[in-house]
Every structure is written in C-alpha cells, then in structure tokens.
Amino acid sequence: MISSNITDHMAAGVALSVDFDSPEDYFIFIFQILFATTTVLLSGPVVIAILATKALRLQNRFIFMLNTSICDTLVGVSVYYLGLFDVQEGYPSRNGTFNVLPSLLGINILTFLFAQFDRYFAVCHPFIYSRFITRQFVIGINIYCWVYNAAHLLARNFLPLSKAIQMYVFSIVVFQLIVLTKVVMTIKLYVVARFQLERDPPCAEKENKKESLRIIIFVVISFLVLWCPSFVNIILRFVGGRGLTFRNEATNLFAIMARFNAVCTPAVYIWGSPALREAMLRTVWGRLCPRCKTR
C-alpha cells in the first residue's frame, strides 16, 4: 500500500525506477537507498577530515584523495536520483541529466591517472618531485580534471545528436588508452613498492611512501575491475551493436559496478591511511560520538 501511494504520488512527475510488482523490485529500491547512503557516509567524512586537517592538506597525495572523495560524495548523492527514479542516461536518454551526473565518474578516471604519476615521481625521482611538483601545481591538476570534464560535457550537449554520439564513443576509446596506461603504471608502482623501497633505510618517509603506493595500487585495481565491464559494454553497443541494454540506471548492472568505485575508493583510503583515520575520528566521528575519541 505504501509503495502504491509513492508510485501514485510520482505519477505526475518522474516515475520511480521500479514498479514494486515483485520482490526483486523491493530489493533493487532498498539496495539503491543503502548504496547511496553508504557512499555519502564513507566519502563525505573523508572530505571533511582532509579539509579540516592542515597536516593532510599540505600533502599532495591527500589533495588527490580530496578530489576523488568530493566526486564520490557527489556520486553517492546522485544515486538518490539515478537509482530511485526511472532515469536512462546516455543515448537515448530518458529523464536524464544531460550526462552531468554520470560524468562525475570521469573526473575520478583522470585524477587516478595523475595520482599514479604523482606517486611514481615522488618515489623514483624525489629531487625532481620536490622541486617541480608543488602543492599549487597539484591543486591545478585536480582543477584541470573538473574543467576538462565540464568542457567535454558541454561540447557533447551542444553538438548535433549524431556528432555527440561519435564524440561519446571516441571518448570511450580514449579512456581505454588511459586504462591501458593505468595498468602499466600500476605494474610499475608495484615493482617500485616491492623492490626499490625495500632497499631504503627504515624511516618515517619510507613508511609514508609505502602507504601511499599501497593505497593507489589498491584503488586503481578496484577501479579497473569495476569499470572495465561498463567500458566494454558501451563499446559493444555503439560500435558492434551487441552490448546489453537495461531498463534504466537502477537496473544497469555495469553502471552500478562503476558507481561502486565511490564506495571502494574511500574505504581503501580509510583502511590504508592511519593519519586519515585519526583525522576522521577527531573531526567527524569524535564530534558525533564523544565516546569514540577515548577509544
């Protein structure tokens, strides 16, 4: 009865993503709510902790974490629309957002790539890194990720439909090259973490480098595992005409997997960085739960 009232209420506007005609519909709807809430509760505190902690803001690696966590928080908020309502992004679109909400994930793709190069130069070429890769430069790189994504999105929305689809497919192919670069860099970073750092004498700087490399390696691996099926399906659909199609974003398994990066990434950050955990405990959870500070 409750579901029928909700459906009747939404009939005048955008319909809900499911009809509540089967147990699967209830599972999908509840899953999307839990998914969105979990994402916001994981990535949001990471954003607050980094912004509120000067010691973290001064480190380049945490600036990259901040950028991806802002994106992940917005992705979580977007699921309240993409996952709960009858929305189909892409081509063709239905009740879409002109691809604005799905494009948030594209910002993370570029950010992860630049973060990999950042960690590589920080470990393998520390003198060059300390001289040229300044905090202002890293902030500029992260801003560039947003500007590039916005420019690409505007171009696609103002072009004729046929040209927009061609540009969309071309961007997916380009992203495949980025993915290949990320794979190569991940292998390189693993080799650096496994062999080069082991030869360095024990010190706090060595532990920080090992921590940052471990985080970026795990983050990129989870990204590749969760994103690649969506990339492959999009290419098959638009190039070969053989990909899978779904009723809407809430039932699109590949899109859900891609958005699941917004849960995995902040979880890896929290798991891999004691400094971030301490900052979150002090600035977020400690204020919400005073008992947590004493533990």
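In which hand does α5 pass α7? The crossing is right-handed, that is, the near helix is turned clockwise from the far one by less than a right angle, with anticlockwise giving a left-handed crossing. Helices here are DSSP runs (H or I, at least four residues) numbered from the N terminus.

The model is a predicted one, so to speak of local features a pLDDT of at least 70 is needed, side-chain atom pairs count only at pLDDT 80 or more, and totals for chains, interfaces and linings use all residues. Residues are numbered from 1 along each chain as its sequence is written, and side-chain values use heavy atoms, with hydrogens and water left out. The protein chain averages a pLDDT (the predictor's confidence in each residue, from 0 to 100) of 86, and 90% of the residues score at least 70. Where pLDDT is low, the predicted coordinates should not be read in detail.

Back to the helices. The axes of α5 and α7 (residues 135-158) come within 9 Å and cross at roughly 150°; axes are lines fitted to C-alpha atoms, for helices over the stretch in contact, with angles from 0 to 180 degrees between N-to-C directions. The pair is therefore roughly antiparallel (over 145 degrees; under 35 is roughly parallel, 65 to 115 roughly perpendicular, the rest oblique). Contact (heavy atoms within 4.5 Å) involves, among others, Leu110 and Phe114 of α5 and Tyr144 and Trp146 of α7.

On α4 (residues 60-82), the axis comes within 10 Å of that of α5 (residues 104-124), at a crossing angle of roughly 165°. These two are therefore roughly antiparallel as well, but their crossing is left-handed. Residues making the contact include Arg61 and Phe64 of α4 and Phe112 and Arg119 of α5.

Both of those arginines turn up again around serine 212, which is in contact with Arg61 and Arg119 once neighbours within four places in sequence are set aside. Serine 212 sits in helix α9 (residues 204-240) and counts as buried because its relative accessibility is 4% (buried is under 20%, exposed over 50%, partly exposed in between; 1.4 Å probe, protein chains only). Its side chain makes a polar contact with the side chain of arginine 119 at 3.2 Å; such a contact is a pair of N or O atoms within 3.5 Å, where within protein one must be able to donate a hydrogen and the other to accept it, and residues adjacent in sequence count only if both atoms are side-chain atoms.
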